[in-house]
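Here is a short report on one protein model. It covers strand pairing, a helix contact and a few loop residues.

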Amino acid sequence: MYGTIVLIVIAVVVIAYVMKGIKIISQSETMIIERLGRYHRTLNAGINVILPIVERGKDTCTRRGDGRIVMNSKIDLREQVFDFDKQSVITKDNVMTEINALLYFQIVDPVKSVYEIQNLPMAIEKLTQTTLRNVVGELELDETLTSRDTINSKLRAVLDDATNKWGVKVNRVELQDITPPQSIRIAMEKQMQAERDRRAEILKAEGEKQSAILKSEGEKSAEINAAEAEKQARILTAEGQAKAQILQAEAEAEAIRKVTESVAAVKGADPVNYLLAIKYIDGLKEMAQGNDAKTVYIPYEATGVLGSLGTLKEMFKNS
């Protein structure tokens, strides 16, 4: 009976010893194992067996999501983010500004993160705060508000270099909020409003200028088109008159030619006198058709011409 109890006790102790020696490590986690107080090995994801009492996991400081720092034997190898509270920073032009930052980092060497620094989360937080003060202290307020990418790059470079010996890789640093004092914000809002008003006036003036230019160009084009149209009209009118005169001259030349031929066929007839007489008769008709024409003056030379016309008429009859 006593031997059975002893065996049961030994079995329970052995089972408890074996169970305590089994360590299950989740994916993206690891554990530092010490044997008799010295580093022995690093456990990988999966089932691992250690020797209880002789070997144990090394406890490290871990920051929880609520910001509390606790002790934990497992080390998270995933990328982690620290959201730091706002802190007061003085710029180069002596303006007190509140800034909070986000830090993205990842543990790449678990052994260094455990043995090279005592409290890794606090060390990263304090280092980020002091580095942020140094970087922002070299910039004026306007540069701080407009140069976030520059500040982020400088912070990441400094932090990555400083945390390299801790086995930590700083991937990104982002400034979440930059809050100047209330008086500075009011002044900046007034300045921005004045700048917007100035730009609006400039745009309005530019619009009026472009409108005046387009209007003058339109009037100029209209005048040019009207002048071109008048020019073309005059050219066409002149060409029409010229063609009409040419046709009239050709008709008169043809008439003169035929009259000359007819008159020349009569013996002793002078074609020139005949044509002059016809012109005189046409002129007398126009003079006689006037409403106010009561007296008609005939040049002395016209009597001779008309006499020649009568002679030609008699000659035509006789012929």
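## Strands around E11

Strand E9 (residues 80-83) and strand E11 (residues 96-107) run antiparallel and are joined by 4 bridges. Strands count as paired if DSSP finds at least two bridges between them. Across this pair, Phe82 stands opposite Leu103 in E11. Strand E10 (residues 87-90) is also antiparallel to E11, with 4 bridges joining them. Here Val89 faces Thr97 in E11.

E10 and E11 form a hairpin with 5 residues between them. Asn94, in that turn, has a positive phi of about 60°. On E11 there is a further pairing, with strand E12 (residues 168-179). It is antiparallel and spans 10 bridges. Ile99 stands opposite Ile178 in E12.

## Basis of the model

This is a predicted model, in which local features need pLDDT of at least 70 and side-chain atom pairs count only at pLDDT 80 or more, while totals for chains, interfaces and linings use all residues. Residues are numbered from 1 along each chain as its sequence is written, and side-chain values use heavy atoms, with hydrogens and water left out.

## Overall make-up

The protein has 8 helices and 12 strands. Both are DSSP runs, numbered from the N terminus: helices are H or I with at least four residues, strands are E with at least two. The protein has 319 residues, and 24% of them count as buried. Buried means under 20% relative accessible area, exposed means over 50%, and partly exposed lies in between (1.4 Å probe, protein chains only).

Take the contacts between residues at least 6 apart in sequence: 60% of them join residues at least 24 apart. A contact means heavy atoms within 4.5 Å.

Is strand E2 (residues 29-35) enclosed or open? Of its 7 residues, 5 are buried, so E2 is largely enclosed by the rest of the structure.

E2 pairs with strand E8 (residues 74-76) through 3 bridges, and the two run antiparallel. Met31 stands opposite Lys74 in E8. E2 is joined to strand E3 (residues 38-43) by 5 bridges, again antiparallel. In that pairing, Met31 stands opposite Leu43 in E3. E2 also pairs with strand E5 (residues 55-57) in the antiparallel sense, over 3 bridges. Glu34 stands opposite Arg56 in E5.

Most residues other than glycine have a negative phi. Ser28 has a positive phi, near 70°. Ser28 sits in the loop between strand E1 (22-25) and E2. With a relative accessible area of 29%, Ser28 is partly exposed.

Leu36 also has a positive phi, near 55°. Leu36 lies in the loop between E2 and E3. Those strands form a hairpin with 2 residues between them. Is Leu36 buried or exposed? Its relative accessibility is 69%, so Leu36 counts as exposed.

## Ile53 in the E4-E5 loop

Ile53 is in the loop between strand E4 (46-49) and E5. Its relative accessibility is 81%, so Ile53 counts as exposed. Gly21 is 32 residues away from Ile53 along the chain. The C-alpha atoms of the two are separated by 9.1 Å.

## Helices H3 and H5

How do helix H3 (residues 120-137) and helix H5 (residues 148-163) cross? Their axes come within 10 Å and cross at roughly 135°. That makes H3 oblique to H5. Axes are lines fitted to C-alpha atoms, for helices over the stretch in contact, and angles run from 0 to 180 degrees between N-to-C directions. Under 35 degrees counts as roughly parallel, over 145 as roughly antiparallel, 65 to 115 as roughly perpendicular, and the rest as oblique.

The crossing of H3 past H5 is right-handed. In a right-handed crossing, the near helix is turned clockwise from the far one by less than a right angle; anticlockwise is left-handed. H3 contributes Leu127, Thr128, Thr131, Leu132 and Val135 to the contact. H5 contributes Ile151, Lys154, Leu155, Val158, Leu159, Ala162 and Thr163. By class, the contact of H3 with H5 has 8 nonpolar, 3 polar and 1 charged residues. Nonpolar covers Ala, Val, Leu, Ile, Met, Phe, Trp, Tyr, Cys and Pro; charged covers Asp, Glu, Lys and Arg; the others, Gly among them, are polar.
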